[in-house]
Amino acid sequence: MSVSDLSTSTQNYLKAVWGLSEWSDAPVTPTAIAEKTGLRLSSVSDAIRKLSAQGLVDHAPYGSVELTATGRAYALAMVRRHRLIESFLVSVLGYRWDQVHDEAENLEHAVSDFMVERVDAFLEFPSRDPHGDPIPSAAGTVVFPDAVQMTTVDTPAHVVVERISDNDPTLLQFFQEQGIVLDTRVSVTAGPPFSDALDVQVEGQSTSVSLGRSATDALFVSIPSA
């Protein structure tokens with residue numbers, strides 16, 4: 001059975017559950033799903049009951065929502081579609097990385113499995129999307145970068161940008177303007193006392209930029225081996 005056989009609503013819910021757990025260990029709750037999807041909690045609760053009855057999620061009363069093996073396979077198929085479409089829009093059609101998310105949200109429900117595989121082959125099987133998120137393989141394998149949020153890095157440090165959250169297009173534009181993009185090497189030092197900020201200097205630039213918590217939380221970095 002193809003993920004195309006599922007309703008658009010079911011596709012969105014499964015992808016949302018996966019997205020909430022991909023980079024966080026926090027329990028996935030109906031409230032968190034409602035916040036992510038912009039839907040009413042009552043609507044989400046009804047949908048979770050239906051998904052549970054279909055064997056796509058497990059949800060005990062007052063507990064977290066977890067994908068079943070079948071639900072996970074469908075969710076990864078949707079994530080694969082979304083990220084391959086984003087990659088195609090940037091690489092081939094010249095979209096900026098802050099423009100592709102909403103476009104991919106619309107297109108992912110319309111494309112066929114055959115088209116997804118053709119896009120994958122045309123792009124020579126990319127392993128990550130324009131924001132550094134891993135693209136699941138056709139078999140459902142996901143390889144995550146060895147990265148942590150910049151916020152958690154002990155300073156001073158020299159790090160490599162591996163992933164940038166695409167939740168805020170305006171923030172993506174800001175990072176682009178500062179030269180903070182994928183694979184960039186940056187130096188990170190502590191900001192002013194009590195500022196909850198980090199000073200970040202891109203390799204090759206003479207000045208640094210001070211980033212607050214919302215920005216450093218969006219940056220995932222690795223520490224290169226010596």
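Keep in mind that the model is predicted.

Start with the largest nonpolar core. It holds 23 residues. Which of them touch the most other members? Those are Met150, Val159, Ile164, Phe175, Ile180, Leu211 and Leu219.

Now the elements behind that core. Strands E4 (157–164), E5 (185–190), E6 (198–202), E7 (209–211) and E8 (219–222) each give two or more residues. So do helices H7 (169–178) and H8 (213–218). Strand E4 supplies the largest share, 4 residues.

Pick out Ile164. Leaving aside residues up to four places away in sequence, Ile164 touches Trp97, His131, Leu172, Phe175, Ile180, Val181, Leu182, Ala218 and Leu219.

As a general point, nonpolar side chains in soluble globular proteins tend to be buried together.

Next, the surface. Val92, Leu93 and Phe122 make a nonpolar patch of about 300 Å². Look at Phe122, in helix H6, residues 113–122. Is Phe122 buried or exposed? Its relative accessible area is 55%, and the cut-off for exposed is over 50%, so Phe122 counts as exposed.

Last, the annotation. An unreviewed UniProt entry lists residues 6–68 as "domain: HTH dtxR-type". In the model, that span is 57% helix and 10% strand.

Definitions and conventions: Residues numbered from 1 in each chain as written. Predicted model: local features only at pLDDT ≥ 70, side-chain atom pairs only at ≥ 80, totals over all residues. Heavy atoms only, no water. Core = buried A, V, L, I, M, F, W, Y, C linked by side-chain atoms within 4.5 Å. Buried < 20%, exposed > 50% of the residue type's maximum accessible area, 1.4 Å probe, protein only. Contact = heavy atoms within 4.5 Å. Patch = residues over 30% accessible without salt bridge, like charges linked within 9 Å, V, L, I, M, F, W, Y side chains within 5 Å. Areas by Shrake-Rupley, 256 points an atom, 1.4 Å probe, with all protein chains shown as cover. Salt bridge = Lys/Arg side-chain N within 4 Å of Asp/Glu carboxyl O. UniProt positions renumbered as here; feature names shortened; annotations may be inferred.
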